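Some labels for parts of a protein model rest on cut-offs.

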Amino acid sequence: MKVDGVPRRSIWPAADGGAIEVIDQTRLPHAFEIRRLATCEDAGHAIATMVVRGAPLIGVTAAYGMAFAAAENASDAALEAAALRLKAARPTAVNLRWAVDRVLTRLRPLYERDRPSAAWQEAGRIAEEDVGFCAAIGAHGAAVIRKLAEAAGGAPLNILTHCNAGWLAAVDWGTALAPIYAAHDQGVALHVWVDETRPRNQGAALTAWELKSHGVPHTLIVDNAGGHLMQQGQVDMVIVGSDRTAANGDVCNKIGTYLKALAAHDNDIPFYAALPSSTIDWTLASGATIPIEDRSEDEVAWMSGRTADGRIERVRIAPEGVRAANPAFDVTPARLVTGIITERGVRPATRDGLRELFPDMAGG
Ligand code: MRU
């Protein structure tokens with residue numbers, strides 16, 4: 001996607017070949033800054049501190065982390081240790097485990113001397129595949145949007161989204177936002193309700209920034225406004241991403257997604273999850289055992305933003321000493337999901353629906 005007319009991805013190999021570069025997502029929307037990651041520790045730190053975030057991007061960054069680890073010490077023991085460290089950086093998005101294991105599987109049969117270049121190539125392949133997956137999700141999802149827009153009779157289709165599942169969360173295009181970009185580029189009249197997504201405000205900071213850069217009409221709303229807008233007939237469709245999808249179609253995504261799905265269900269509004277196959281955890285029969293990341297109390301008690309004179313500051317919004325809970329994700333049961341949009345097409349959120357699309361991955 002473009003930033004100020006310049007084509008950008010969220011992650012790319014540095015020109016000198018010895019590192020990767022990423023957009024520092026903790027600084028957006030107030031500053032566009034690029035960070036260089038050159039070691040396995042850099043990659044793990046960028047994931048843990050959310051310089052990079054979003055399930056697909058976490059996976060790609062971790063894959064490059066494994067490539068750095070192989071360049072540092074390509075022995076079996078060192079690579080296994082690096083894999084464990086990277087996987088511990090964030091617990092919920094399964095892409096992290098998926099990408100690290102994929103690189104490990106590629107490296108195990110090789111001589112140590114061949115491992116660094118093989119790991120670097122595998123990380124690059126994972127990144128390129130993700131771009132292809134997201135472009136295909138965009139095409140399949142745009143067809144769903146077009147159909148709903150036709151039924152709406154030409155009035156702009158109002159789509160609500162939660163958190164940031166745009167190109168910043170992937171390598172390019174995004175998951176939930178890919179169909180929106182594709183439909184918008186095809187000339188479908190649409191408007192996006194952007195949930196601010198407390199406590200880290202990925203909707204306000206990142207989704208609004210992305211949509212504005214691409215010229216997609218949108219309006220920022222507080223997280224609690226969605227239900228009301230749905231009751232008022234102002235939402236025609238909900239699309240979200242996913243950090244981990246169980247084999248039965250349960251979808252784990254940013255905290256608050258479940259409430260949006262409940263409200264959509266109560267108001268007969270289609271609720272779609274858009275996700276690449278790398279986000280499906282075939283080992284889980286349901287979403288009940290997905291590990292939910294518990295984040296710092298400070299994210300709830302403090303907010304950061306730009307002051308009127310341009311400084312970026314943190315301010316406390318809760319009384320001193322108050323306890324806060326901060327679960328970062330929740331699970332939306334498959335029965336509340338109208339359909340899952342993947343790189344291979346759209347199916348009901350059921351075991352059979354997913355198995356039909358991915359017979360090569362679903363296992364027995
Ligand atoms: O905590 P984050 O910002 O990493 O959470 C991101 C999300 O919840 C996204 O919706 C999800 O990763 C899907 S991204 C394409």
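Predicted model: local features only at pLDDT ≥ 70, side-chain atom pairs only at ≥ 80, totals over all residues.

Q: What makes a space a pocket, and what is the volume of the largest pocket?
A: On a 1 Å grid over the protein atoms alone, a pocket is an open set of points with protein on both sides within 12 Å along at least five of seven lines, whereas a cavity is a set where a 1.4 Å probe fits but cannot get out. Lining residues have an atom within 4 Å of a point. The volume is the space filled by probe spheres set on the points, which are joined across faces, edges and corners. The largest pocket comes to about 690 Å³. Of its 25 lining residues, Thr-26, Pro-199, Arg-200, Asn-201 and Ser-304 are the closest to the centre.

Q: Why is the largest pocket said to lie between domain 1 (2-129) and domain 2 (139-362)?
A: Both domains give residues to the lining of the largest pocket, so it lies between them. The domain bounds come from an automatic or database domain assignment.

Q: Which element gives the most to the lining of the second largest pocket?
A: H4 does, with five residues. This helix spans 94-107; helices (H or I, at least four residues) and strands (E, at least two) are DSSP runs, numbered from the N terminus. The second largest pocket has a volume of about 160 Å³, and domain 1 and domain 2 each supply at least three residues of its lining.

Q: How many aromatic pairs does the rule give?
A: The count is five. One of them joins Phe-68 and Trp-120, tilted, at 6.1 Å centre to centre and 55° between the planes. Phe-68 is in helix H2 (residues 55-72) and Trp-120 in helix H5 (residues 115-151), 52 residues apart.

Q: How do you know whether Phe-68 is buried or exposed?
A: Buried means under 20% relative accessible area, exposed over 50%, and partly exposed in between (1.4 Å probe, protein chains only). Phe-68 is at 5%, so it counts as buried. Trp-120, at 24%, is therefore partly exposed. Trp-167 is buried at 2%, and Trp-209 is buried at 15%.

Q: What makes a charge sit over a ring, and where does Lys-254 sit?
A: NZ of Lys or CZ of Arg must be within 6 Å of the ring centre and within 35 degrees of the ring normal. The charged end of Lys-254 sits over the ring of Phe-329, 4.1 Å from its centre. Arg-314 lies over the face of Trp-302, at 4.6 Å from the ring centre.

Terms used: Residues numbered from 1 in each chain as written. Heavy atoms only, no water. Phe/Tyr/Trp six-rings, centres within 6.5 Å; stacked < 30°, edge-to-face > 60°.
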